[in-house]
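The sequence and structure come before the details.

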Amino acid sequence: MVTVNLGMLHYVLDHVYGAFMHRTKISPPFFSRGWGGSKLELLERLIKQLFPEIEGQNWPPSLIQPIWRTIWETQTAVLREGVFRTPCDEQLMSALPPESHNARVAFLAPKCVPPQKMACVVHLAGTGDHTFERRLRLGGPLLKENIATMVLESPFYGQRRPLLQRGAKLLCVSDLLLLGRATIEEARCLLHWLEWEAGFGKMGVCGLSMGGVHAAMVGSLHPTPVATLPFLSPHSAVVAFCEGILKHGTAWEALREELAAKKVAMTLEEVRERMRNVLSLTDVTRFPIPKIPNAVIFVAATDDGYIPKHSVLELQKAWPGSEVRWVTGGHVSSFLLHNGEFRRAIVDGLNRLPWKESPQ
């Protein structure tokens, strides 16, 4: 009788998928155009400014005014899509590609329920998630729990993708930091809009993989309690690009050649060390502990080829009171098979928040 180690199978599936996506010539590697020059220096500076030295220094954000159109409507629910100018400041706006200047959202909400008795969760995009559909499918069954879903299309993705970019393969390292910085700004403004304009009684933010890193940052920086729900997420982009499978899909030689052209001779290992230093800016363990730590629920996979276990545990250790839930599988199989666990975490995280008091 042959016994099969399922954990190893999930891990191997991640590597087979990774080899197909990142080691073949089907698409170019990440960062084929190098580091990003002066944009990289700008982004390093702007990300450091995310940490408010004085409580509330970066709050409130710009008030966005989405222009909505109804996609479909039933007796119990409505799906609308909205467009708004990205609220990023002039420096960020000048660094963003023109295609990314307008943000797009899908908003799926129950009808006939007052907003103060509903929750809404902002869903952020994982690597390569260019459309609204997957996240709407994740959020759709939550309508019966009176939980609305707000899906943000990331800069550099979908209709916001730069003309020269193939798929999700960002051209420069600076693009990764820019995508993150702009996503955080837009998500914070959406939460502010949901609270003050739409009047929702509870809010949350979730995301899968890269989207989970951004969700953790947004939840950390929000001045009022929100449920924070990172799924299959590392504590830092360093893990994804320097330890996990994506390291095989990164243009290390192009990055080394750009440094050599500046008379900086480096071995490939030294180039990887420079990448670690740059991406350490995305280390969520450096961010403040969210206001209600037990409303932070991480869902991680037991045999993830992209995200090692130690990375998830580092986040839990940095945020005492948060919870880690393990699902059996790898990154790809969990992404496909465990939506029920992700939904359960969303419901539980929101249940750990108090309802916002209605104005008298």
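## Ser209

Ser209 is buried, with a relative accessibility of 13%; buried means under 20% relative accessible area, exposed over 50%, and partly exposed in between, with a 1.4 Å probe and protein chains only. This residue lies in the loop between strand 6 (202-208) and helix 6 (210-221). Helices (H or I, at least four residues) and strands (E, at least two) are DSSP runs, numbered from the N terminus. Ser209 is not a glycine, yet its phi is positive, near 65°.

## Basis of the model

The model is predicted: local features need pLDDT of at least 70, side-chain atom pairs count only at pLDDT 80 or more, and totals for chains, interfaces and linings use all residues. Residues are numbered from 1 along each chain as its sequence is written, and side-chain values use heavy atoms, with hydrogens and water left out.

## Asn146

Asn146, also not a glycine, has a positive phi of about 60°. Its loop runs between helix 4 (133-139) and strand 5 (147-152). Asn146 counts as partly exposed because its relative accessibility is 28%.

## Helix 9

Helix 9 (residues 268-279) has 12 residues and spans 16 Å from first to last C-alpha, close to the expected 16 Å at 1.5 Å a residue; the expected span is 1.5 Å times one less than the number of residues. Its buried residues are Val271, Met275, Val278 and Leu279. Viewed down the helix axis, the buried residues of helix 9 fall within an arc of 85°, so they line one face; the arc is that of the directions from the helix axis to the C-beta atoms.

These buried residues pack against helix 2 (38-48), helix 5 (173-196), helix 7 (237-243) and helix 8 (252-261), where contact means heavy atoms within 4.5 Å.
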